[in-house]
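Here is a short report on aromatic contacts.

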Amino acid sequence: MDYEMFFRQELDGLHKEGRYRVFADLERKAGQFPRATFHGTEGPRDVTVWCSNDYLGMGQNPDVLAAMHGAIDGCGAGAGGTRNISGTNHYHVLLERELAELHGKEAALLFNSGYMSNWASLSTLASRIPGCVVVTDALNHASMIEGIRHSRADKVVFAHNDPDDLRRKLQAIDPRRPKLLAFESVYSMDGDIAPIAAFCDLAEEFGAMTYIDEVHAVGLYGPRGGGVTEREGLSHRLDVIEGTLAKGFGIMGGYIAASAATCDFIRSFASGFIFSTSLPPALAAGALASVRHLKASQTERAGQQDRVAAVRARLDAAGIPHMPNPSHIVPVMVGDPVLCKRISDELLERFDIYVQPINYPTVPRGTERLRITPSPLHADADIEALVGALAAIWGQVGLRRAA
Ligand SMILES: *Cc1c(COP(=O)(O)O)cnc(C)c1O
């Protein structure tokens, strides 16, 4: 086989569909977020980032940076091993305690990413609970889908955020079989939020264990940043709450919070937890500072909500169509992969604004979009510049305006 030829042909297919991914070469600048230096073909220049998942700018928070500097100076660079073999640093222990407390759970367990926490936890639970059926939302994240697939457990997919369909699917499963209900709170591409209480009611009625991904909510929602489950007073009804330290908390790493037995079970049986070197102490120390900061401070959450409302109002005034939702995610709908990429390119080249195009398979074909994530650090002038640029491009490419 001509391997090189095969790879090139496959890549050509992506190019033809307009969904070949091009990474923007960015140099983030601490203290200046959402500004970054973009290293393009014509050399470096400053751009405004409008699509970061560092939702609250915690990646440059002074408490976080001081904690990370302190841990590097105190503990050095790496963790030095897996959790079992010399790699459990005191910062990991403190962070797990903090996360358990944040979600009102007995325990928490750290992973090297949110992806790994979903993949390892779901695959371990679904493969090790005898006869388990996983009941999973149709729009769950790739990390959940892959974890469920890897478990080889039976899987039933229910219609996105639809309690009626979930009931039908649960009713059809042999009542004697254990069931694991897996869903997210805030869905990252449409920004909609699951009917968590209704799902918990159904889980209770049918005896299912509940697993929620709060990746796009931790730090952002709830009076202490404990996510939508905290805001709605539902944390105690979820058996497993999964989150990331990489988005609202601004650093890196993933976790689950659950009962002591659940965490101990996954700690003891999950290959993706056991056989991987643990997070560097500095990341754990930084995450600890970030979680503690957002437990006490409302400034970032309030600022973000204010900026989200301001962006939506300006888009409405300019007739730029965006998907309404109850979260902080502002999807500006384009509906064509080539056009979506072109708009993103023009924003960057002509207006020094960076918004990555979101194409298939991240979203369904025909729903290609620009996913805008306003942060508390976007100023009024940034919003004016963004909406002005979008309005200019909208007219030029002949896209539909909203009423
Ligand atoms: C980003 C994401 C993850 C993975 O988290 P990382 O920490 O980035 O690996 C998991 N679930 C959802 C819904 C996500 O959007």
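Phe183 is buried in this predicted model, with a relative accessible area of 0%. Buried means under 20% relative accessible area, exposed over 50% and partly exposed in between, using a 1.4 Å probe and protein chains only. Phe199 is buried too, at 0%.

The model is predicted, so local features need pLDDT of at least 70 and side-chain atom pairs count only at pLDDT 80 or more, while totals for chains, interfaces and linings use all residues. Residues are numbered from 1 along each chain as its sequence is written, and side-chain values use heavy atoms, leaving out hydrogens and water.

The structure holds five aromatic pairs. Rings of Phe, Tyr and Trp (its six-membered ring) pair if their centres lie within 6.5 Å; planes under 30 degrees apart count as stacked, over 60 as edge-to-face and the rest as tilted. Two of the pairs are edge-to-face:

| Pair | Centre distance | Plane angle |
|---|---|---|
| Phe111 and Phe273 | 5.6 Å | 75° |
| Phe183 and Phe199 | 5.0 Å | 90° |

Phe111 lies in strand β4 (residues 107-111) and Phe273 in helix α10 (residues 271-274), so their pair ties together parts 162 residues apart in sequence. Helices (H or I, at least four residues) and strands (E, at least two) are DSSP runs, numbered from the N terminus. Phe111 is buried at 2%. Phe273 is buried at 8%.

Phe183 sits in strand β7 (residues 179-184) and Phe199 in helix α7 (residues 196-206), so this pair links parts 16 residues apart in sequence. With Phe158, Phe183 and Phe199 form one aromatic cluster.
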